[in-house]
Amino acid sequence: MSTYTTKQGDQWDTIAFQQLGSTDYTGALMAVNGRHLSFYIFPAGITLALPEITERIDLSDDLPPWKQEEL
């Protein structure tokens, strides 16, 4: 399992977006880091486990037509 060390001001959703690719993984990130749930805004230096994402969320349906790739 990979890890991420927080920077001052990090939040669960921004970590999920930056490290896992989508805020939709925020719940999975929180689930594997239960002992840190008291934080909403993190101080620097907290090491979080990053969950293994086995099934990627397809975000292409949420994109406007001009941003979707042609098949």
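Reply: In this predicted model, a polar atom of the Ser-22 side chain lies 3.0 Å from the backbone nitrogen of Asp-24. Ser-22 belongs to the loop between α1 and α2 (26-31), and because its relative accessibility is 6%, under the 20% limit, Ser-22 counts as buried.

A second contact of a side chain with the backbone involves Trp-12, where a polar atom of the side chain is placed 2.8 Å from the backbone oxygen of Phe-39. Trp-12 is part of helix α1, and with a relative accessible area of 5% Trp-12 is likewise buried. Leaving out residues up to four places away in sequence, Trp-12 touches Thr-26, Leu-29, Met-30, Asn-33, His-36, Leu-37, Phe-39, Tyr-40, Phe-42 and Leu-48. For Thr-26, the C-alpha to C-alpha distance to Trp-12 is 6.2 Å, although the two residues are 14 residues apart in sequence.

Trp-12 is also a member of the largest nonpolar core, which has 12 residues, the others being Tyr-4, Ile-15, Ala-16, Leu-20, Tyr-25, Leu-29, Phe-42, Ile-46, Leu-48, Leu-50 and Ile-53. Both α1 (12-20) and β2 (47-50) supply at least two residues of this core, and α1 gives the most, with 4 residues. Another member of the core, Ile-53, is in contact with Leu-20 and Tyr-25 once its neighbours within four places in sequence are set aside.

Note on methods: Residues numbered from 1 in each chain as written. Predicted model: local features only at pLDDT ≥ 70, side-chain atom pairs only at ≥ 80, totals over all residues. Heavy atoms only, no water. Core = buried A, V, L, I, M, F, W, Y, C linked by side-chain atoms within 4.5 Å. Buried < 20%, exposed > 50% of the residue type's maximum accessible area, 1.4 Å probe, protein only. Contact = heavy atoms within 4.5 Å. Polar contact = N/O pair within 3.5 Å; in protein donor to acceptor, adjacent residues only side chain to side chain.
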